[in-house]
Amino acid sequence: MSVTQHTQAIIEELLSFVPYEREEELERLVHAILQAKSIFLSGAGRSGVAIRGFTNRLLHLGLSVHLVGEISCPRTAQGDLLILGSGSGTTSSLVALAKKAKSNGVTLALLTMDNESEIAQIADVVVVLPGVSPKLKENKLTSIQPMGSAFEQLSFLTYDGIILELMARMEETNETMHARHTDME
Ligand SMILES: O=C([C@H](O)CO)[C@H](O)[C@H](O)COP(=O)(O)O
């Protein structure tokens, strides 16, 4: 197979996974974002790459957003929202952040493959995305891709789906968002 054929197969795989997403879980996340005073976001590795892209678009919507770990990241407070992207829901640095958020009265949201994972058990909002990972106890699906790739790609796309929904509800446009894009590039 060629690289373009592999790419096509990946897109077809993701399309076949989308129906496993639950609209009511995504609605709870959209609601939590709209209610939050400030939104803090984090993820490790490739899950973290996806959440960085999401943070950028939330900023373009005019929301108060912070990437955990950046030197500019302030202290959390009650009324804030922490969104974690973790396929396994067990990544140790994120477990620590989740516990800290809960003890500070911060609403905790998690995008994950495992709704019984350590973080999922204490999260207020859990969005389960389908995928496959060697880190999971049980894999119900199979993937043509290695490790957590399908989850990581689907989370990037789902974040963009959430952005489109937020744009509609917040009456934001491509133009209003572009006007907030950094001039420091
Ligand atoms: O980058 C990753 C790895 O290559 C698996 O595909 C993961 O995103 C990273 O290890 C974080 O794991 P999760 O918190 O389980 O998403």
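This is a predicted model: local features need pLDDT of at least 70, side-chain atom pairs count only at pLDDT 80 or more; totals for chains, interfaces and linings use all residues.
Let me start with the helices. Two packed helices are described by the angle between their axes and the distance between the axes. Helix H6 covers residues 149–170. I will take its partners one by one.

Start with H3, residues 45–60. How far apart are the axes of H3 and H6? They lie 9 Å apart, and the packing angle is about 10 degrees. Angles under 35 degrees count as roughly parallel, so H3 and H6 are roughly parallel to each other. Now the residues. On the H3 side, the contact includes Val49, Ala50, Ile51, Phe54 and Leu58. Arg46 and Arg57 of H3 take part too. On the H6 side, look for Phe151, Phe156, Tyr159, Ile162, Ile163 and Leu166, among others. Glu152 and Asp160 of H6 also belong to this contact. By class, there are 11 nonpolar, five polar and four charged residues in the contact of H3 with H6.

Next, H1, residues 3–17. Its axis comes within 10 Å of the H6 axis, and the two cross at roughly 70 degrees. The range for roughly perpendicular is 65 to 115 degrees, so that is how H1 and H6 stand to each other. Which residues of H1 meet H6? They are Ile10, Glu13, Leu14 and Phe17. Their counterparts in H6 are Ala150, Gln153, Leu154 and Leu157. The class count for H1 with H6 is six nonpolar, one polar and one charged.

Then H2, residues 23–35. The axes of H2 and H6 come within 11 Å and cross at roughly 55 degrees. H2 and H6 are therefore oblique to each other. The crossing is right-handed. From H2, the contact uses Leu26, Glu27, Leu29, Val30, Ile33 and Leu34. From H6, it uses Thr158, Ile162, Glu165, Leu166, Arg169 and Met170. Eight of the residues in the contact of H2 with H6 are nonpolar, one is polar and three are charged.

Now the pockets. Rolling a probe the size of a water molecule over the atoms shows where empty space is left.

The largest pocket has a volume of about 490 Å³. Its lining has 16 residues. Which lie nearest the centre? Met113, Asp114, Val128, Glu138 and Lys140 do. The lining of the largest pocket splits into seven nonpolar, three polar and six charged residues.

The second largest pocket holds about 280 Å³ of space. It is lined by 19 residues, and Ala44, Ser47, Lys135, Gly148 and Glu152 are the closest to its centre. Here we return to the helices. H3 and H6 each supply at least two residues of this lining. By class, the second largest pocket has six nonpolar, 10 polar and three charged lining residues.

Note on methods:
Residues are numbered from 1 along each chain as its sequence is written. Side-chain values use heavy atoms; hydrogens and water are left out. On a 1 Å grid over the protein atoms alone, a cavity is a set of points where a 1.4 Å probe fits but cannot get out, and a pocket is an open set with protein on both sides within 12 Å along at least five of seven lines; lining residues have an atom within 4 Å of a point. Grid points are joined across faces, edges and corners, and a volume is the space filled by probe spheres set on the points. Ala, Val, Leu, Ile, Met, Phe, Trp, Tyr, Cys and Pro count as nonpolar, Asp, Glu, Lys and Arg as charged, and the others, Gly among them, as polar. Helices (H or I, at least four residues) and strands (E, at least two) are DSSP runs, numbered from the N terminus. Axes are lines fitted to C-alpha atoms, for helices over the stretch in contact, and angles run from 0 to 180 degrees between N-to-C directions. Angles under 35 degrees count as roughly parallel, over 145 as roughly antiparallel, 65 to 115 as roughly perpendicular and the rest as oblique. A crossing is left-handed if the near helix is turned anticlockwise from the far one by less than a right angle, and right-handed if clockwise. Contact means heavy atoms within 4.5 Å.
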